[in-house]
Structures are given as C-alpha cells and as structure tokens.
Amino acid sequence: MNRLEFFDRARSRLPMKKEQRDERDRNLECLQKELHGEVLSEGPSSILAVRYTVSRSVRHGDASFSEVGSLDTAVLRLLFSGTRKPEVSLRKLLFFDVETTGLSGGAGTNVFLVGFLRVSERGIEISQYFLSNLSSERLFLRYIQEELRQAAVLVSYNGKGYDYNLIKSRYILNGFPLEDQDPLHLDLLFTSRRIWKGVLPDFTLSTVERTVLGFGRPMDIPGWRIPEVYFNYIRGRDVAQDLHLVFEHNRLDLLSLLALLIRQVSVIRVGIREGRTPQRINPASISDMLLKKGYPEEAKSVLEGHLECTEVLKRLGLIYKRQQQHHRALELFTALADRASGVSDYLFACTEAAKLCEHVFRDMKRALSYAEGMRERLMRACAFYPELRERLEYERSSVERRIERLMRRLSVSAGKGIAQEG
Amino acid sequence: MPVDIEALLNELRNDSSFINNVTFWGVRERQDARFGEVPQEVHQELKKYLAHAGIHKLYTHQIETYRAVSSGRDVVITTPTASGKSLAYNVPVLDGLLKDPDAKAIYLFPTKALSQDQVKVIEAFTLPGIRLYIYDGDTPSSIRQAARQNGRLIVSNPDMLHTGILPNHPKWVKIFDGLKYIVLDELHTYRGVFGSHLSHIMKRLERIAAFYKSKPCFIASSATIENPDELFHRITGRKPVVISRSGSPLGAKHYIIYNPPLVNPLQGIRRGVVLESYKLGSRFIKNGNATIVFARSRLNTEVILSYLKKWLPHTAGRIAGYRGGYLPNERRDIEEGLKRGEIRGIVSTNALELGIDIGSLEVSIMAGYPGSVASFHQQAGRSGRKEGLSVSVLVCSNSPLDQYIAQHPEYLMNKSPEAALINPSNIYVLVDQVKCAAFELPFQKEDSFGKESISDVLSYLEEKEVLHREGDVYHWQDRSYPAENVSIRSADVGNFVIVERAGRSKRVIGEVDRASVPVLLYENAVYLHESQQYIVVELDWDKQVAYVERSDVNYYTDAMTRTDIKILENSLEEHHASYRAFLSDVLVRTVAVKYKKIKFGSHENIGYGEINLPETEMHTRSFILSFEEELFQGMSREEREELLLALSNLLRNISPLYVMTDIRDIGSAENLKQEVIGLPTVFLFDRYPGGVGLADRLFEVRHRILQTSLQRVTECPCAEGCPSCVGPGRANKEKTVMFLQKLLKGEIRLVEKRGADA
C-alpha cells in the first residue's frame, strides 16, 4: 500500500489538484504586449523586464509630481535617522518595492517582482523585474543587484525590516557575495511615524495613502491575494489579468513612495516656515528630530505654531530656558502648569517655574506658591492612586525640602528688609 | 532544624510495619573520584578560568570526552546524573571556540528551563571573544538580532531550532558559517515522536550547515539506556564514541524498594501507592529532610500535595507542587525556592526529572515505578547530588510492572535492558519534516533525506501544490510557514487552554495537550490545579478552550474509553504452533464513553457520568497476537473474553520492561474472533499516528514479554488473580498460567514466516 494514502486521509485538507495546462508562455506574452516588456535572457535563464516613464503631470490622489524638481534638499536631509545629514539630492534616490510569495519571511519566501523608481531629466522612470520561472532566480537577482548598486540612497516603505532583508536572503540562498555595508536607506515608514505619530490610526501604506495623500485604490488587487496569483502563474494557469494587476499594484506603491516623500518634505518645510501646516502633524516629534540634527530655531518655529498642545509647551519652554530667554520660558511653564491635566506634567511645569523664580528672578514668594501648589496636588494624588504612593511620597519629600529652603530664604530676606527699614 | 537522616533510617529498619514490606534495601557505597590532569593543549584562557573556579583536575570521563572531541569524533556521554557531564562537553567546545575564532556552537536542551539553568553555568566562564546567547521563545527581539550577529555559542531548544532558526537560516549566516559543534543534552528524552522529529531536524541542520560549507560534530549526553549509540546514530546519522565510565565521586546512597502490604491477600489488593508515599514523605519532611516525591500523574501529584499540605500544617507553606500545566513563572519561582532551600517538600511529575539544578535534596520518593530504568535513576538521582548520605525509595503500585520490579530488583540495579526508540520513517513525521526542509532549501529530484528515500513524498507534495518542480528542482511554492504547523512533541497542534470563570472574571490557569482532553477535560470532569479543585463547566472543542469553575466536591473523576481496531495491512507475520504474531498497519477508533466518580480518601466508586465527545480515528502500527482455538478448549464465551482481557492487560503492563516508553503510549484491545484472522486476538498498538517504533519492538521481543508475563503471574502471591497480574476480580489466574505455559511450549516449532522482505 502506498504509504501516503493514509497521510492523505488523516491529515491533508489541501484542495484537489486543479487543471494543469502550461499557460505560462501565453501569460508572459500578454504581459509583454500590454506593458511593453522585454525578455532578458542568458543561457537557459530568462526574466521579464518592464521599463517606462511616467509624466510628471500625472496626479496621485491629491498629490502631483509637478513640483518634484524643486524638492527642498535641505529638508530632505533632515529625514535620515540619527544625527546624519547625508549629501543627497532627488536624482540620487532609488525608490523600490517588492512583491513576494508570503509574508512570513523565511527561506521559503520568494521575491518575484521588484519595482524601482527614479527621477531623471526625462521624468519619472519605473523599471519592474519579474521572475518568470524559478530556475532563473540568479539572473533575476543579478539585475536587481545591478540596480541597487547604482543607487546612492534607497527609499522604501518598511523596506528596512522587510523588503531589503528578503532580497538579502535571496542573495544568500543563491550564493551571491554580500556587500560589507548596506547602502544608505530611507524608510518612509519610520519618517511617517515621526511626522504623524498620534495623528494617524495606524501606519499601513494604505492608511497613509488615504489620509495623507488622499489616494484610494478602488481597482487594486488586495495584498493577500498576490502570492496566490504568482503560484497560479507558476503552475501554468491563466492569470494574465491578475498578473497585470500585480504589476499595477507595484507601480502604484512606487508612485506612492515618491508622493509620500514629497509630502513629507513639504510638510516639514511649511512647519518650519509657518509653524502651522494645512494637515495635522505631530509637532513634538518633528521638533525632536530637528533638535537632534542641530536646528533649534527650526524646531522652535514648528513648536510655536502649536501652543495648544502640552507636549509643545514642555519642549518649547526647555529650548527657551536653554537659550536663556527666561521670561518666555517662565510664561510657557506657567501656561503648562495651568493646563496640565496629568500629575507628571503639572509637577514638571511647577518645578521648572519654581527653579526659574528662585534662581533667576529671585522671586521667592512666587517660587513658594508653585512649590505649595505641587504639595497640594501630590497629596490629592496620593489619595487617588494608592498604588503609586511610593513614588509620589518620594516626589513629595523633595517638594518639602524645596518649600523648607524657600521659607528659610524668605525669612532671611524679610529679616534683611526689616533691618534696612530700621 | 535538620535532623540526622541516619537516625530515621534506623528507626525505619526497626519499624516492623515498614521493614516487613521492604523487598530490597541496598546501599551504594561512596565512590572516590578518579581524576586526571587538565590536558596540556587546553587553551590558556580556559585553563585560567578552570583554575580560578577551583578546578585543577578533571574527572577521567571529562578527559576522555576532551580527547575524543579534539580528534574530531562524535561523542555520547552516558555517565550518571550529577557526574559533571556538562563540564565534559563544555571543556572541548569552549576550547575549540577559543582556538578557532571562526568556530560556532549550538547547544540544544529539551526544555527552556534546562537552557536557563545551563546558561548560568557557561556564562560564569567569561571567556574572551565568546559571546553566549540564549535563543528561545522568551528572547526579546532586540537580543535576537545581536545573537544572530555576534553569537559564538547559541543555547536553544529543538522547537526553536525547528520553527525559528532553520527556516530563517539566511539571517543566521554568521552562525552556520563555521558551525563546528552541536551539543544535544539529555539525548534519551528524544525518543518516540519527539525523537523521530528531532532526527529529521538534525538532517535539516546538517543540510543547511553543508550549504554554508560547515560540517559540525555532535556531542550528546544521555541517561543510561540499552542503546545510546544506536539512538545517537539514528538521530544524527553518525557513529559515536560512547563514554560511560564515570570518574566523579558519589556519596553513599540507600536504595529501598517498598511494596505496600496486602490488605486483601485473596484479591491481591495492596495499600494504595498515593497514601503510602504521602505517609513516607511526611515522615522524612517532619524529620527535617528535604524531600521530593515523584508522582506518576498530574492527578496523583495534586492528591499527594493536598494530603501533605493538610497534614503538615506547620510546613504547608514550604511544600509545593510542580508539573506541566503550571505557568512558566510559577515554575521558575518553585525552582528558585528549591535552590534556596526554602521549599522543604516538593511533589512533582517527571517534569523535574531532567537535570535542572534544584540544589541538594536528601530524599527522593517515587510514588510508583516511573516506567523506565532511565527515569528511575534520574529520579533517584535528584536526591544526593552533593556528597553525603541520601535515600531513594520506590513505592510499588499494584501494577504488574511495579510488582515485577518489587520481586526483581536486579532489573533496576543491573544493566538497562530498555531501548529508546524512534521511527523517522513515520509517514506523518516524514511528510511534515520534508515540507519544512523544502521550505529551507530546494530539493533535487534524486535527493534523499538522510538515508530516507523521499521521491514519493516530493511528488506527493508537488501534486498537493506545496512544492513546484522546475527541471529537476523542487521549489517551495506555498504561502504558509510549514514549521509553525508542525508540532514536534505531540501528535496534534495546539494545546487546550483552561480558563477559570468566577463571576464575570476569567483567568487562564493552565494548558493541556489535545490528546489528553477527552480523558481530562470532558464536561463535569474534576480538574485539579495547585491542589485546588475545579469542575469543567464547558468544553469548546473548536476554540480549544475548557471553562472551569472552582468546586469542593469530595470526589475526582476518571474517564473510560472504548476502542475498535481494523487491520489494514500486515508488514510482518509469523505462524507458530499455537499462535500467530503480526506487525500491522491498523485503524484505531476510540471514543470516551463514561467517567467514574472516585471518592477522595477511600477511593471508592460513587457514580458514573456520560462523556459526549466525538470519536477519534487514528492510523497506526500494532503488534497483534492471535491464538489457535485449541488453547481455549472447553471455555465458555465469558471465560474466553475474560482470559483475553487478562492477557492483553498483562502483556501491555509488562511491555515497558523492554520498550522505553510510557505505558500510556501503548494501547490495547481484544477481539474474540478477529474478522480477518478468524481467531481470538490481542492488539498492542502504538498510540502515536503512524507509530514511533513501539509495535515493531514489541513484535521483536514478544517472546521475552510472554515469558516475563508468565513469570509475573506465577510469582504473584494472590489467590485468584489481582490487579498486579491478570487483573482484579477474575477467577482466571490459573487459566492464564496454563494458557501461557501451553503457548510457550509451542513456541519452538516455527511453522511459517512471512514478511515484507520474505
């Protein structure tokens, strides 16, 4: 008896085999015709490449690419993570996006379509490489490596965590030597998080497209179907229509990347210039980014546009304090103390204000009133949050010390005052 | 205040109610250490560390291991518990890593708890350039990346290797590139399903290592079993050097086998193992001796624990339970409590049998024979790890196996006759593992998998559209991540979660594997956890959740099942004068029908309930014995039925003497006139789908099992059959003896032999 019969009966819930005809060539022909693709071959290996130029006048949701040439490079440089500010310009960017046979990652996940986008004097150039049979992966990867090598900077959406790693895995599986260092890579997922943290409900590309770019995809093939399309193609079924949709999906992803980058740069630029932006942003995390890069004035200007937000008051107060503009700093901390709803914001604001009053303005009375305010708030909080008691008690002991010291200083100066009067 | 254990032993010697029931009391004399110099060529840094740690000499078996590994051999170390096995493999591996900066090592432990424990040991070495990382389900993702980038020594478990590391091997380039050592600790635990899976996981590992041009050597440690070299060979595909002579010192130890007295000599009923073990345990705990009691089941663990807590109220807070189903942090706390000596009494299943360091206990009590000689020595070894006197007591139950051992202590004390079995050809295991391997690297058309030919599996998977063949290469072409759906420890994916409902609040209190659900979590079952009783109020089969509520009924429940077997195909067949033996593929249908309510304390049966769960169907392997009609001459139908039932009970109970397995992994069934064979028949089948080699081994050693069974019944002191031989309440002891004698007399005349290769 065949040893697999029982396995089948007990375990397998896999579908019956579908009809099997080799439609691969016909599918490829269709693609080639419709997308004006080109078969690249070498020996027995062959892949399909599709290259075309998109006009800058095309619209992408409420975004357009007409102003792409005037992208503010100074602001672009701010988007890179950490403290680096690389010398980049639009022409040096290579946008990329991959389509795969699964989302789990792992050695069994194939990359079967890689799209690249770059902006040149001719316009927006897109090239897409398609793995048209599994035996040609090496050739496929060679073309991809060639493209990636030419790029000074890669731009992707979640490509640091996913796309680029997958390509690297495929290199390794096909015995390609790895470069020592990964190229410079700008991941727009990270920058989106920074700019719209707390503003957007989540950061899937489709949410960002819809809310930030005003771009919807009514005709799009859903991402979860894409692996199925490729499996059906590989198994020789007629999927020309669906495959075309996958290419289109990839193309739209690439255009979204470009549109999103332009939007991010312009949002930050407007924020710096005018404080406020037409769309909501997260001023606090943008200012953090600007500060890290060494642009306190720019950070200030974004913050000044958003004084309704407590996080902003906190940051702005600290910047002014550092710049020794004490009056403005005190104003901001006072405003924060008035508006703070949480205990920790309130304590922060009062502490800062009390310090300024005590050490800079020598106004012990006012300092004392802040300290007493803190004491009262802490006592109330102790009753409300017994589980935080230990921490609150600790805070209170330092407030008590502050009050004691201020009282002492007050009585000394009062004594002095009497002496002078006398 | 700790009290001299010697005094209590003397007291026991003079206590006639105890000593009269002791069938064996042996003392293992203390053994002195046999040392050798730390070999000259050991790396300076390692020597420095050893000297710093006060290790100026090594035990002889540690030196032997060092020499074998350094000369490129694969090694299995089988010295006793606490003989310094870890140092034996750590020295050559760390030496190798120090001398070759590109070399890497992977250590695999069967449980996370063991990994945690061992990492602390290795971390103490603090050798330059050797970054050690633990990589398991609990490792945070930030550390995972560092482990892959900078690790020289990765400590993990087979599950993580299977689902996390191998399927993502491109991320692990740095480890596989230069992978030189694989350490498999507690090799003997890799038997049955787990071992069968592991043998394939090792093939996957070697396949990937070879892809990165590495060829690691394997070093394993194992408890004493009959076939460590064979098991090693079947798991790794290599022939090992076996290192079995220990040079480590041993404190003196008393081994006592205690057979509870007969309360009903006529029916052969003895005092219960649970009560006797609890009494003995409380005696040692009261005397101030740190004591562990090993129970045979989760249920018994809870029952003994509740007795101890109830009757030792002053120490109740320092007595704990430990078993699968407790949450990981509960377990960690208990392990720590043991190490610090805060816990003075612990009741555990075999979960604490493996080498987790729980400090030095003085007394180990086994409430029933643990089922294998290897387990017996592991459990006995949990007391007295350091020098000094220790005691191990085996309290025998009524079961034939326990009673055989009560009368044949030499079985425990001499060389182990047990073989650890695996079956890598199990089709369920094989197909799943080929899938996982194909996900990791494509197969060529002619490729084998280890020594396993898999061309049929590959084309099957192509047909099922999991693989796709292009030219001669099978590529993975499916969106799933196969390792995630392959459970390597049990037959089924997914444990059932036990949720306590109290008013509106819900709380997870434990987990149970799917196979145990029909016998543990049927509606109205009493479930015990931390000696608290719960009653199952709802079982959601699809969502895999059992809802329980606290209860305080005065009974516990025990499920009864019915089994029906169909023979599919015989792969071996032997005809003797009076019986026929078969090794066959069978279809087993099982349904749990009823449960008994058993009263705490008196253990009397106080009622029944229905179980309404679906019938389960399983394809597996069975050893089959059919008896010629002449053996039953003059017997009524009832007598025949009883005799068959007695035989199948007896054979099943005796089997673990020769097959290293839990008795629960062997199922039995009887048929008065088997449809195909046309004769009265007994089945002993493998409870894992596809079989893990148990039936094959039973077929092979059937003569010894029959003889031992006869011996057991003849030696049993009961008058008319009892639970310790042919089963209770059946006046057929004499008939069984005569039956087996006739049967075995006919044995020598082999009539016909057929087989797959005949």
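The C-alpha centres of domain 2 and domain 3 of chain B lie 29 Å apart. Keep in mind that this is a predicted model. The two domains do touch: 14 residues of domain 2 of chain B are in contact with 12 residues of domain 3 of chain B.

**Where domain 2 meets domain 3 in chain B**

- On the domain 2 side of this contact, the elements that give two or more residues are α8 (158-165) and α10 (192-211) of chain B.
- Of these, α10(B) gives the most, with 8 residues.
- By class, the domain 2 side that touches domain 3 of chain B has 4 nonpolar, 7 polar and 3 charged residues.

**Chain B as a whole**

- Chain B is divided into five parts: domain 1 (5-20 + 251-413), domain 2 (35-243), domain 3 (427-485), domain 4 (496-553) and domain 5 (563-755).
- Its secondary structure comes to 24 helices and 35 strands.
- The radius of gyration of chain B is 27 Å, close to the 27 Å that the globule rule gives for 758 residues, so chain B is as compact as a globular protein of that length.
- Taken along the principal axes, the C-alpha atoms of chain B fill a box of roughly 75 × 75 × 65 Å.
- Buried residues account for 49% of the 758 residues in chain B.
- Among contacts in chain B with a separation of 6 or more, 72% are between residues 24 or more positions apart.

**A closer look at S222(B)**

- You can find S222(B) in the loop between β9 (217-221) and α11 (228-236) of chain B.
- S222(B) counts as buried because it has 26 C-beta neighbours inside 10 Å, and the cut-off for a buried residue is 20 or more.
- Leaving aside neighbours within four places in sequence, S222(B) is in contact with V76(B), T78(B), L187(B), H188(B) and P228(B).
- L205(B) is 17 residues from S222(B) in sequence, and the two are 21 Å apart in space, C-alpha to C-alpha.

**The contact between chains A and B**

- This contact takes 28 residues from chain A and 27 residues from chain B.
- On the chain A side, α1 (3-10), α5 (159-173) and α8 (226-234) of chain A each supply at least two residues.
- Here α1(A) gives the most, with 5 residues.
- The residues of chain A that touch chain B divide into 13 nonpolar, 10 polar and 5 charged.

**A seven-stranded sheet in chain A**

- In chain A, 7 strands form an open sheet with mixed pairing, in the order β1-β2-β7-β6-β5-β8-β9.
- At the edges sit β1 (38-42) and β9 (184-187) of chain A, each of which pairs on one side only.
- From one strand to the next, the twist averages 25°.
- The strands β1(A) and β2 (residues 45-54) of chain A run antiparallel and are joined by 5 bridges.
- For E42(A), the bridge partner in β2(A) is S45(A).
- Helix α9 (residues 240-274) of chain A packs on the sheet, touching β2, β5 (93-100), β6 (111-120), β7 (123-130) and β8 (153-156) of chain A.
- The direction of α9 of chain A makes about 145° with that of β5(A).

Note on methods: Residues are numbered from 1 along each chain as its sequence is written. Chains are lettered from A and ligands numbered from 1 in the order in which they are written. This is a predicted model: local features need pLDDT of at least 70, side-chain atom pairs count only at pLDDT 80 or more; totals for chains, interfaces and linings use all residues. Two residues are in contact if their C-beta atoms, placed from the backbone, lie within 7 Å. Helices (H or I, at least four residues) and strands (E, at least two) are DSSP runs, numbered from the N terminus. Ala, Val, Leu, Ile, Met, Phe, Trp, Tyr, Cys and Pro count as nonpolar, Asp, Glu, Lys and Arg as charged, and the others, Gly among them, as polar. Domain bounds come from an automatic or database domain assignment. A residue is buried if 20 or more other C-beta atoms lie within 10 Å of its own, exposed if 12 or fewer, and partly exposed in between; C-beta atoms are placed from the backbone. The radius of gyration is taken over C-alpha atoms; the globule rule is 2.2 Å times the number of residues to the power 0.38. Two strands pair if DSSP finds at least two bridges between them. Axes are lines fitted to C-alpha atoms, for helices over the stretch in contact, and angles run from 0 to 180 degrees between N-to-C directions.
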